[in-house]
Amino acid sequence: MANRNKVEIFTDGACKGNPGIGGWGALLKYDGHEKEIYGGEIHTTNNRMELLAAVRALEALKRACQVDLHTDSQYLKKGISEWIGDWKLRNWQTSAKKPVKNDDLWRMLDHLAQLHEIEWYWVRGHAGHEDNERADQLANLGVAMILNQKNSSNNKV
């Protein structure tokens, strides 16, 4: 029997241009149920969208959970698993004494990660992993949503 507090999350980000119009998507699986979420931003980067996918997925959880979070982003996986501790010790600066990029999202992710018991997994993107491919499709829906909003605002008289 599956652990009733175990959630599997698959996240992805997409960006048309970098920076450019971006989208994020996440697939959440829990106790035989699935939830798809996505969104986007008009001017962003791929790394921000990868981070935002994880942030929004964890925000969607209603209580503390055991989470297996799968990402195809080495930036996200290494950032949360390896780099973040040193960034915090250096007051959100890199080893080169430069501000950590996307620290607003890293701080949000750090806070949310402390609310759950999370195992972080890296999966190769665009390699046929069904749930990662679904997360990619959701991220691209986020891009399409922003493009549609942009196009409809351009068509107004």
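Predicted model: local features only at pLDDT ≥ 70, side-chain atom pairs only at ≥ 80, totals over all residues.
In soluble globular proteins, nonpolar side chains tend to be buried together. The largest nonpolar core of the model contains 32 residues, of which Ile9, Leu58, Trp106, Leu109 and Trp120 touch the most other members. Several elements each supply at least two residues of this core, namely strands E1, E2, E4 (residues 66–71) and E5 (117–122) together with helices H1 (46–59), H2 (74–89) and H3 (103–113). The largest share, eight residues, comes from H1. Leucine 58 can be examined individually: when residues up to four places away in sequence are not counted, Leucine 58 touches Ile9, Val67, Leu69, Leu109, Leu112, Ala113, His116, Ile118 and Trp120.

Helix H4, which spans residues 130–154, has 25 residues, and the distance from its first C-alpha to its last is 36 Å, close to the 36 Å expected at 1.5 Å a residue. Within H4, the buried residues are Asp131, Asn132, Arg134, Ala135, Asp136, Leu138, Ala139, Gly142, Val143 and Ile146, and what covers them includes strand E1 (6–17) as well as E2 and E3.

Threonine 71 is found in strand E4. The relative accessible area of Threonine 71 is 0%, and the residue is therefore classed as buried, a term that applies under 20%. With residues up to four places away in sequence again left out, Threonine 71 touches Thr11, Glu50, Leu76, Lys77, Tyr121, Trp122 and Val123.

The largest pocket has a volume of about 260 Å³, and its lining is formed by Val7, Leu28, Tyr30, His33, Glu34, Lys35, Ala60, Leu61, Lys62, Arg63 and Cys65. Strand E2 (20–30) and strand E3 (33–44) each supply at least two residues of this lining, with E3 providing the largest share, three residues.

Methods: Residues numbered from 1 in each chain as written. Heavy atoms only, no water. 1 Å grid on protein atoms, 1.4 Å probe; cavity = no way out; pocket = protein on both sides within 12 Å on 5 of 7 lines; lining within 4 Å. Points joined across faces, edges and corners; volume = space filled by probe spheres on them. Helix = DSSP H or I, 4+ residues; strand = E, 2+ residues; numbered from the N terminus. Expected span 1.5 Å × (residues − 1). Buried < 20%, exposed > 50% of the residue type's maximum accessible area, 1.4 Å probe, protein only. Contact = heavy atoms within 4.5 Å. Core = buried A, V, L, I, M, F, W, Y, C linked by side-chain atoms within 4.5 Å.
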